[in-house]
Amino acid sequence: MMRARTHQLGALIFAGLSRKRKGAAMATNLYELIGGRSKVQQTVALFYDRVLVDPRLRPFFENVNMDGLRARQSMFLTMLLGGSRTYGGREIQEAHAGARALGLNDSHFDLLMYHFRVALNESDVGDETIEEILSLLEGTRKDVLGA
Ligand code: HEM
C-alpha cells in the first residue's frame, strides 16, 4: 500500500516536472513555437508584401534589394526569437541610417509594427505569441530611429 502510494506520488511529481520543462522550453524559444524557418520566411514575405503597397512606407524601400532584405530580416527575426545566434546583417542602428535621412520617425515604426502584427496573424500565430514577438520588436525602436 505504502509502496504503491510512493509510486503514484513519484509519477505525479515526474508528470509535473516534465510539463514544466516542456512549458519552459516553449517559452524560451518562440522560433520553435511558431513553426521555425518556414513560418518565419512566410511571415516576413507577407510582411513586406504589405509594406510595399503602403504609400507611407513604400518610398523607404524604393532602391532596396528586397530579396536580400527578406533574407536578412528572416535571419534577424530568427535570432530575436531564439532560433539561432547568427545574424549576418548590419547593426540595426547603422542599417537604418539611410531611412532616417529620408525622414524615418515613430509613426513609420508604428505602421511597420501594425503590418507585422497582421502578417503574424495571417500566418496563424496565436494572439499571445504575437504580443510577445511584437514586444521584442518594440525593443529595437531606439536603434532603428537612432535615438
Ligand atoms: C521592428 C523594427 C525593424 C526591424 C527589426 C528592422 C530590421 C531590419 C533589418 C534586419 C535590416 C537588414 C539590415 C542589413 O541590410 O544588413 C533592415 C533594413 C532596412 N530597414 Fe528595417 N527594421 C525595422 C524597422 C524599419 C522601419 C520602420 C523602416 C522604414 C519605414 C525600415 C526600413 C528599412 C530599410 C529601407 C532597410 C534597407 C536598408 C538598405 O539596404 O540600405 N526598417 N531592417
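**A close look at H3**

Mentor: In H3, the buried residues are Val 40, Thr 43, Val 44, Phe 47 and Val 51. Buried means that 20 or more other C-beta atoms, placed from the backbone, lie within 10 Å of the residue's own. These buried residues fall within an arc of 100° seen down the axis of H3, so they line one face of the helix. The arc is taken from the directions from the helix axis to the C-beta atoms. An α-helix has 3.6 residues a turn, so residues three or four places apart point the same way.

This is a predicted model: local features need pLDDT of at least 70, side-chain atom pairs need 80 or more, and totals for chains, interfaces and linings use all residues. Numbering starts from 1 along each chain as its sequence is written.

Helices are DSSP runs (H or I, at least four residues), numbered from the N terminus.

What covers the buried residues of H3? Helix H4 (66–80) and helix H7 (106–122) are among the elements that do. Take Phe 47. Leaving aside neighbours within four places in sequence, Phe 47 is in contact (C-beta atoms within 7 Å) with His 115, Phe 116 and Ala 119.

Phe 47 also belongs to the largest nonpolar core, which has 15 residues. Such a core joins buried Ala, Val, Leu, Ile, Met, Phe, Trp, Tyr and Cys residues through C-beta atoms within 7 Å. Phe 47, Phe 116 and Leu 120 touch the most other members. Helix H2 (30–34), H3 and H7 each supply at least two residues of this core.

How values were computed. A residue is buried if 20 or more other C-beta atoms lie within 10 Å of its own, exposed if 12 or fewer, and partly exposed in between; C-beta atoms are placed from the backbone. Two residues are in contact if their C-beta atoms, placed from the backbone, lie within 7 Å.
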